[in-house]
Amino acid sequence: MANYKIEIKWALIFIAALLLWMLLEKLSGLHSTHIDKHMYLTNLFAIPSIWIYVLALKELKRVKYKGRMTFKQGLLSGVIMTLLIAALSPLSQYIVSYWITPEYFPNVIAYAVETGYYKTIEEAQAYFNYRNYAIQSTIWAIIMGTITAAIVSTIIRTRKSALEIQ
């Protein structure tokens, strides 16, 4: 585990940022009064999440790889961080669903039925619940984390200079 100290640190920073984001969403009314805007504004979390991956991979390059990191090294470290985030996703979703904003599911269910997105409360409840969100957050963490790690690794990697190529 000592070899992955930086990845663990940044995975925990990511989860802390996510929980803070959810608290801000709740405080701004996106889980209640402004729930109609939630599905759009929640996606803005992509900005800090990408930034966290950039900072993490920059630190990994500087500390772990002594300033020279290949795409493969960056991707591997990014995927390790992603898997840690995914492993923590059910716990973070539990904290969000039951501690930070327990009113979110009842509010979004009512909104989804009221707007006709779902025909019945039962249909909405089948989608908007902790279990489904825990599964989705884990899967999306793996997919989006891996894509983000690949893109950021491409940008952060050490490029070969003209002298090294010859």
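Helices, as the term is used here, are DSSP runs of type H or I with at least four residues, numbered from the N terminus. The model is predicted.

**Fold.** The chain has eight helices and zero strands, in the order α-α-α-α-α-α-α-α along the sequence. Its C-alpha atoms fill a box of roughly 65 × 30 × 25 Å along the principal axes. Of the 166 residues, 38% count as buried. The accessible surface of the chain is about 10100 Å², and carbon and sulfur atoms account for 69% of that surface. Among contacts in the chain with a separation of 6 or more, 73% are between residues 24 or more positions apart.

**Largest pocket.** The volume of the largest pocket is about 1500 Å³. It is lined by 45 residues, of which Met 22, Thr 42, Asn 43, Ser 137 and Trp 140 are the closest to the pocket centre. At least two lining residues come from each of helix 1 (5-27), helix 2 (35-41), helix 3 (46-64), helix 4 (71-100), helix 5 (104-114) and helix 7. Helix 7 gives the largest share, twelve residues. By residue class, the lining divides as follows.

| Class in the lining of the largest pocket | Residues |
|---|---|
| Nonpolar | 28 residues |
| Polar | 15 residues |

**Nonpolar cores.** The largest nonpolar core holds 27 residues, and Phe 14, Tyr 53, Met 81 and Ile 85 touch the most other members. Helix 1, helix 3, helix 4 and helix 7 each give two or more residues to this core, with the largest share, eight residues, coming from helix 1. Leaving out residues up to four places away in sequence, Phe 14 touches Phe 45, Ser 49, Ile 52, Tyr 53 and Ile 85. Another core lies apart from the largest one; it has ten residues, including Phe 105, Ile 109, Ala 112 and Phe 128.

**Gly 145.** Gly 145 is found in helix 7, which spans residues 130-156. Is Gly 145 buried or exposed? Gly 145 has a relative accessible area of 5%, and because the cut-off for buried is under 20%, Gly 145 counts as buried. Beyond its neighbours within four places in sequence, Gly 145 is in contact with Tyr 53, Thr 82 and Trp 140. Tyr 130 is 15 residues from Gly 145 in sequence, and their C-alpha atoms are 21 Å apart in space.

Conventions: Residues are numbered from 1 along each chain as its sequence is written. This is a predicted model: local features need pLDDT of at least 70, side-chain atom pairs count only at pLDDT 80 or more; totals for chains, interfaces and linings use all residues. Side-chain values use heavy atoms; hydrogens and water are left out. Buried means under 20% relative accessible area, exposed over 50%, partly exposed in between (1.4 Å probe, protein chains only). Contact means heavy atoms within 4.5 Å. On a 1 Å grid over the protein atoms alone, a cavity is a set of points where a 1.4 Å probe fits but cannot get out, and a pocket is an open set with protein on both sides within 12 Å along at least five of seven lines; lining residues have an atom within 4 Å of a point. Grid points are joined across faces, edges and corners, and a volume is the space filled by probe spheres set on the points. Ala, Val, Leu, Ile, Met, Phe, Trp, Tyr, Cys and Pro count as nonpolar, Asp, Glu, Lys and Arg as charged, and the others, Gly among them, as polar. A nonpolar core is a set of buried Ala, Val, Leu, Ile, Met, Phe, Trp, Tyr and Cys residues joined through side-chain atoms within 4.5 Å. Accessible areas come from the Shrake-Rupley method with a 1.4 Å probe; for residues, only the protein chains shown count as cover.
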